[in-house]
Amino acid sequence: MMIENVVGRFALPLGIGANFQINGQDYLVPMAIEEPSVVAAVSSGALLARSGGGFSTSSTDPVMIAQVQLLDVPDAAKAESAILAAKDQILGAADTSPTLTRLGGGPKEIEVRQLTGTPAGPMLIVHLLIDCQDAMGANAANTAAEAAAPLLERLSGGRAGLRILSNLSDRRRAWAEVEIPADAFRSNAFSGSEVIHGIAEANAFAYADPYRAATHNKGIFNGVDAVLLATGNDWRAVEAGAHAWAARDGQYRALTDWHVRGRADSESLYGRLELPIAVGTVGGATRSHPSARLALRILGLDLQGEAPIESEKGRSQANGDAGECQQGARALSEIVAAVGLAQNLAALRALVTTGIQHGHMRLHARQMAASAGAVGDAVEHIAGQMVAEGNIRVERAKELLQEKNGRLAGP
Ligand code: NAD
């Protein structure tokens, strides 16, 4: 039983993001999402990236932050010194997971921050930095914070309030980069240079304006969330962390950087996405949900301690080889970053060329036709008619369906 008060299941389509090349290796990326055109768009973004050799990715160590809030501390400066002097003792108290420690993870560092000017008075916040290896680490972080709190109370003379992880996991970041020649963007209607300059201008808009940044970043999360969901990861946690990260200098901004490189005759588009990504390939639902487990296997990330399944033994380079490809949570976080960048690239290219509705329209029309009750061939027929009329509404789909059913029923 995964949750409480269960009355049923809520299924989502599982698609495959195609064409991904990440650090020289091919990937098929499982994506669970209800929104039409996201999977098609990300696959086209990944195909474009291939013209520049695909994505290069990297990441930090998988370090989460657990917070302990200390209130009514009589002397904050003295308490801070006492806590920092007792670092080893605190890390020892927070070392609650023998598995993490055995794997080389566990509590690694402490930090102390003083918060003043809050309505509840000044408070001392202690951060425990915990290497969570291949787990998202919420439970490890929460347990460590609770275990270290009594010692922190004694050292500070204060009272422990909250003891919980921070979802602003800014020590656990992944990034993806790509550089694509301008020529790859050329079409009958636009030169490659026009398109890549348009993409750079669109990114500058989203960097400078929170109204645009929210929509820009939402598009990135179309891809990011779909992979998180497919692999059984906590997408709310990653969203919360990434949005806080996007506002780290006091203004909410685009998570990406896109700019034009090179001279007029050899221009290219450089793109980068960096964000906190706290994901696991163990723990939570990653292994207990059968579809999540399958998604991890498709990515080549669920082979730890298991023989490869028969069909995987002779497979080509798609999704690598257990012996060569990087395993675990860091590898997953880097794939997620590449997907977010590909999704953003596809959206920006559409926005600066034909506009986003062009590609969306037919898929949207199909969805309207299905909502109106059309099934089988009728979906395509009604969608086609609505696109031709430029009138894509569920009411029109119902009318067309009635007409079609009437014709079939005969006089
Ligand atoms: P978990 O506790 O289910 O599993 C993690 C444990 O797996 C580790 O503590 C370790 O003992 C073990 N393990 C085995 N092999 C490992 C390896 N190679 N690397 C690391 N650990 C290994 O899961 P979790 O990651 O602590 O928690 C994730 C869940 O917590 C998610 O479902 C999430 O929704 C939920 N959660 C999130 C929040 C939040 O984000 N604010 C708060 C509470 C709970």
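## Who lines the ligand

Helix H5 gives the largest share of the shell around the ligand, with four residues. H5 spans 138-156, and helix H4 (98-102) also supplies at least two shell residues; helices here are DSSP runs of H or I with at least four residues, numbered from the N terminus. This is a predicted model, where local features need pLDDT of at least 70, side-chain atom pairs count only at pLDDT 80 or more, and totals for chains, interfaces and linings use all residues.

In total, 21 residues surround the ligand, the closest being Asp134, Gly137, Asn139, Asn167 and Asp234; the cut-off is a heavy atom within 4 Å. Sort the shell by type and you get ten nonpolar, nine polar and two charged residues, with Gly counted as polar.

## Polar contacts

Here a polar contact is a pair of N or O atoms within 3.5 Å. On the oxygen side, a polar backbone atom of Asn139 sits 2.9 Å from a ligand oxygen.

The protein buries 69% of the 860 Å² that the ligand exposes when taken alone (Shrake-Rupley areas, 1.4 Å probe).

## The chain as a whole

The protein chain has 411 residues, and 47% of them count as buried, meaning under 20% relative accessible area with a 1.4 Å probe, protein chains only. Its C-alpha atoms fill a box of roughly 85 × 60 × 55 Å along the principal axes. Residues are numbered from 1 along each chain as its sequence is written, and side-chain values use heavy atoms, leaving out hydrogens and water.

Technical notes. A polar contact is a pair of N or O atoms within 3.5 Å; within protein, one must be able to donate a hydrogen and the other to accept it, and residues adjacent in sequence count only if both atoms are side-chain atoms. Buried means under 20% relative accessible area, exposed over 50%, partly exposed in between (1.4 Å probe, protein chains only).
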